[in-house]
Amino acid sequence: MQGLSIKSISRHFGAVRALDNVSLDVAAGEFVALVGPSGCGKSTLMRIVAGIETADAGSLSIGSRDVTALRAAERNVAMVFQNYALYPHLTVSDNIAVPLAMRRLSAVERFPLFGRVMPGLAQKRAAIAIDVLKAAQSLGLDALLDRKPGQLSGGQRQRVALARAIVRHPDAFLMDEPLSNLDAALRVQTRREIVEIHRRVGAATLYVTHDQSEALTMADRVAVMQAGQILQVSSPEAIYHDPQDIRVATFIGSPRINLISAEADAAGHVHIAGRPSGLHAAPGPVTIAIRPENLRLASSGITCVAEGFEFLGDSLLLHARHMASDEALVVRLPPNMPRPHAGEAIQLTFEAEHALLFDQNGKRVALRNHPAHSQELTLA
Ligand code: ATP
């Protein structure tokens, strides 16, 4: 098994910096999800790794091979796109066979009429048919081999595209939003299938999505990208609980993480709207970020006005507004809580260990609270 190593890749389109010195390693057998908003450069990076787009600078290696200068066909990388890219006039079986035919047969052997009379060709075709059947069986497609793509559902088409990708045992898999054309239920089912295929095949996989739940549920590590740069690469848990950049904190998590402006005085006491919070940090302005599930109603705390509710079945979202700063806050509550009335004044609090602090540049700063003091904040 081979790893994939992207080193300092940059790419400009005129004045647009699509990729700005991007480096990313995908270990052998690892599944890395690349997630970021539209236009952040995800597809450009994938296209460069696949060899269908060139970089202005940087290099790419697969295992010990430097593939930067190699053509797409020479890289042994399989790519699955959101639009499947199946040949509509070929059967499922022939679609899956395409990469094997391209690799194992000469141009003349691929020609249907000449092909029949060439020595050794029947064996080559039989070997291809066996590999196609194995790939199709592993994806539950064996009953559909004679159909054309137009006679398949979206999920089945995507499975054909996956079968075509795994049939040639690539060193690395690239998947660019492969589930985005599927409906919600099928997306959840197919993402489990993709993870399962990855486990079986074991090739280094780079998976692009703008859907954070896909990234968090499927990947070994998640790379968060914005404006042509990778901001953080971590385990899904660390991306969620331990973001190092405020752009990562706000991109990951739904509803969005709450942001509260604050200031640490010369002694390091963090004040929210001029009132001591009980938090400690290096002096200067800070933003306190707290996930909705880590805020709760209390008898004293940050004074807010309740604005409304959203019932989500398993929880209740309380929308509130911080009176002093006018910042909007969202609290995730148990679903059967007694609800404050809209317009009512409420107090919100949180535990120090759940507060993430960021400096003015959006970089994470350390909380200086002593663990013994970090259980409960008075926010008085
Ligand atoms: P999406 O999620 O919408 O597919 P993305 O993260 O994949 O977005 P890219 O398609 O990689 O983003 O585009 C990155 C930036 O480069 C965008 O600003 C885009 O407009 C620009 N860009 C991409 N390809 C070209 C091109 N061929 N010519 C000019 N600009 C381009």
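1. Domain bounds in this note come from an automatic or database domain assignment. On that basis the chain is divided into domain 1 (4-243) and domain 2 (255-365), and the C-alpha centres of the two domains lie 42 Å apart.

2. The model is predicted: local features need pLDDT of at least 70, side-chain atom pairs count only at pLDDT 80 or more, and totals for chains, interfaces and linings use all residues. Residues are numbered from 1 along each chain as its sequence is written, and side-chain values use heavy atoms, with hydrogens and water left out.

3. Along its principal axes the C-alpha trace spans about 90 × 45 × 40 Å. Of the 380 residues of the chain, 47% count as buried (under 20% relative accessible area, 1.4 Å probe, protein chains only).

4. Between the domains, five residues of domain 1 are in contact with five of domain 2 (heavy atoms within 4.5 Å). The area buried between domain 1 and domain 2 is about 410 Å², with carbon and sulfur atoms giving 37% of this area; buried area is the accessible area (1.4 Å probe) that two parts lose on being put together, summed over both. Y240, D242 and P243 supply 89% of the area that domain 1 buries against domain 2, more than any other three residues.

5. One salt bridge is found across the interface of domain 1 and domain 2 (a side-chain nitrogen of Lys or Arg within 4 Å of a carboxyl oxygen of Asp or Glu). A salt bridge joins the side chains of D242 and R364, at 2.8 Å from N to O.

Terms used. Buried means under 20% relative accessible area, exposed over 50%, partly exposed in between (1.4 Å probe, protein chains only).
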